Amino acid sequence: MIKKVLIANRGEIAVRIIRACREMGIETVAVYSVADKEALHTQLADEAICIGPSPSTESYLRMEQILSATLVSGADAIHPGFGFLSENSKFAQLCEQCHITFIGPNAEVIEKMGDKAKAREVMEKAGVPIIPGSKGAVYKIEEGKREAKEIGYPVIVKAALGGGGKGMRVAYKEEEFESSFTTAQKEAKNAFGDDKMYIEHFVENPRHIEFQILADEYGHIIHLGERDCSIQRNHQKMIEEAPSTAIDDSLRERMGEAAIRAARAADYVNAGTIEFLLEKTGAFYFMEMNTRIQVEHPVTEWVTGMDLIKEQIKIASGLEMKWEQKDVQLKGHAIECRINAECPEENFRPSPGLITDVYLPGGQGVRMDTAIYNGYVVPPYYDSMLAKLIVHGNSREEAIAKMRSALGEVIIEGIDTNVDFQYSIMEHEDYQSGEYDIDFIEKVLKKEKG
């Protein structure tokens, strides 16, 4: 069994991992940048080690610094959380070379699933439905135009590596292709240092549905149902819920089987997520596989009763998974709102700074995953997410009512947040009816602007 874990991350996910380890009797090591010296995760861990200056490129993305901290502290495992180095195959490989357990899949799987063209090839062979797209990476505009014409407009140009909505542009007709391709490629090069692009048919007005899977090294794979992540802005998720209003038991079974097939084809071990686009017709297509824990994992934990971080650690320790598919029962409904330091009224401008007052809600079926406190200074160097507010009710209606109540109690003063914006979504008739798609927020914003 793993005895000591270094958390190669910060913020609420670092706190989440520390708490799970503490409950399992596992020691923890926090790493931090200069900006995070007073961060909550450094105070909760058994040890804390500074790994560099404030910018992530000089701290949380410095593999050698993190590995050195691991070896110096005597930790035998690293949990990468999400973001930063969590889907970096080179980092996973270096962990293996240093005889450090990487809590996640191996380097080969991360590399295979991280390249959209390779992942698509693996899924096609496994019989997982895929969106019509280019047969490999595309580098030049003319080559891309030929592929787009063959696929049929509209098309989306995407970075072959990376994620998080960066390096993605839609061309609805041939006249728009050159501009879309050039912009996406430039953004991909800046964000990921790679200009390989991928072109595929653009599925209009879909739902973004993802299936959580768990797989151990003994060949056991299960899925834990779906999460609906369709409420998003610029491809960045804002609200997630489980289960989805767009899925019935029959479709859930078909999509779940496809997710398990996808994980088996990838030789996957640990927790992972298969992401699909779901059309109104009920057709669904593989989009990508996330080879890490997801930001929105708490909604799955609410409806299944499982602790995904603990399951990750057990699997990484070489233990056989005790769960079978028949054990997975979805109970009630869960919703998560991401609370960000940003100003929606000013095009979601980031809002770092000193938090002068905090009150966070609680009560039955209310969970707040966060690392903020009164007097905490939100640094300008990292993602703007401050907290995740998650609720659970016996029905979707109850969960929405509970979320509205909880959002109404949140007090975070000194900086701007998106709390009021989240509340307005909970009040929106289309959200309440469950009749929405991935363009929901754009439609709402356009309507508000007149």
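Two strands count as paired if DSSP finds at least two bridges between them. In this predicted model, strand S12 (residues 270–278) has pairing partners in strand S9 (residues 207–215) and in strand S13 (residues 284–290). A second topic is Gln232, a residue of strand S10 (residues 221–233).

**Strand S12 and its partners**

- S12 is largely enclosed by the rest of the structure, because nine of its nine residues are buried.
- The pairing of S9 with S12 is antiparallel and runs over nine bridges.
- S12 also pairs with S13 in the antiparallel sense, here over six bridges.
- Phe276 in S12 is the bridge partner of Ile209, and Phe276 has Phe286 as its bridge partner in S13.

**The hairpin of S12 and S13**

- Five residues lie between the strands of this hairpin.
- Gly282 takes a positive phi near 100 degrees in the hairpin.

- Gln232 has a relative accessible area of 7%, and since buried means under 20%, Gln232 is classed as buried.
- The Gln232 side chain reaches the backbone oxygen of Cys229 at 2.6 Å.
- Beyond its neighbours within four places in sequence, Gln232 is in contact with His208, Lys237 and Met238, and also with Ile438, Ile441 and Glu442.

Methods:
Residues numbered from 1 in each chain as written. Predicted model: local features only at pLDDT ≥ 70, side-chain atom pairs only at ≥ 80, totals over all residues. Heavy atoms only, no water. Helix = DSSP H or I, 4+ residues; strand = E, 2+ residues; numbered from the N terminus. Buried < 20%, exposed > 50% of the residue type's maximum accessible area, 1.4 Å probe, protein only. Polar contact = N/O pair within 3.5 Å; in protein donor to acceptor, adjacent residues only side chain to side chain. Contact = heavy atoms within 4.5 Å.
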